[in-house]
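Please look over the following structure with an eye to its surface, its overall form and one residue in particular.

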Amino acid sequence: MTETLAFVGVAGGAGTTRTTVEVAATLARDGRSVAVLDAAPGTQGLARYVDGRIDPDATAVLVDEAGFEDALAEAWDELDGRAALWPTHAPFERLARAQTTDAARRFERCVRRAEEQFEHVLLDVPPLASNVAVAAATAADRRVLVAPATRRGNDHLPRMRGRLVDVGAGTDGVVATRVDGSHPLTEADHELPAGDPGAAVPTCVDPDTDLAPAVADATEGLLETSLDLEFPSEGLLG
């Protein structure tokens, strides 16, 4: 059965989209099928990971101008599994129309459509402040908070956990991003290193990087699954 996991940023710039993309690529490297749905149309961050023209995009689906499958963009053909991204790339006028309650209900239906087609569905969710973000958080089976390993991340963590409670959703884990040594985010269940700023993204497709085994370990824990991946410097995972 497909399980949907929402990555919810505790603040802007937490690294939520990057984390979601790295987990998706890790699953595809293991031969799984995975879809990443953009619930953060305001930033359009997922579009950076799509090669070529994006037309139609996710907002066209949310305003009922295109079908769900029309906005899926296949990614990382070199990996053993299938990865598809559902990005936002739209003018402001359509971005505004894609934030209504009707759009939020369409987003929930798109999640269900994705669950019919993929083994894993990942949702890239910004701090809860919009109809679509709330719809994504509540539609997911599980939710993980993504926070930078800084005092700012630690300060925002309880606030976003409280917002999830307010909308009737719980928190199933915390991922600390850009970890470099000790940090104040003591509640983190998983830690992801900052990585090489010059490395290609997704970085975890290269098993020799420090990020790859860390993301694989987090993926196993967050999805309660086992991966059969090899890391030359770390041995076997799973």
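The chain exposes about 10400 Å², of which carbon and sulfur atoms supply 45%; the areas come from the Shrake-Rupley method with a 1.4 Å probe, and for residues only the protein chains shown count as cover. This is a predicted model, in which local features need pLDDT of at least 70 and side-chain atom pairs count only at pLDDT 80 or more, while totals for chains, interfaces and linings use all residues. Residues are numbered from 1 along each chain as its sequence is written, and side-chain values use heavy atoms, with hydrogens and water left out.

The chain holds seven helices and ten strands (DSSP runs numbered from the N terminus, helices being H or I with at least four residues and strands E with at least two). Its radius of gyration is 17 Å, which agrees with the value near 18 Å that a compact globule of 238 residues would have; the radius is taken over C-alpha atoms, and the globule rule is 2.2 Å times the number of residues to the power 0.38. Along its principal axes the C-alpha trace spans about 50 × 40 × 35 Å.

Of the 238 residues, 56% are buried, meaning under 20% relative accessible area, with exposed over 50% and partly exposed in between (1.4 Å probe, protein chains only). Thr-16, which lies in helix 1 (residues 16–29), is buried, because its relative accessible area is 8%. Leaving aside residues up to four places away in sequence, Thr-16 touches Phe-7, Val-8, Gly-9, Asp-124, Val-125 and Val-146, where contact means heavy atoms within 4.5 Å. Across the chain, 73% of the contacts with a separation of 6 or more join residues 24 or more positions apart.
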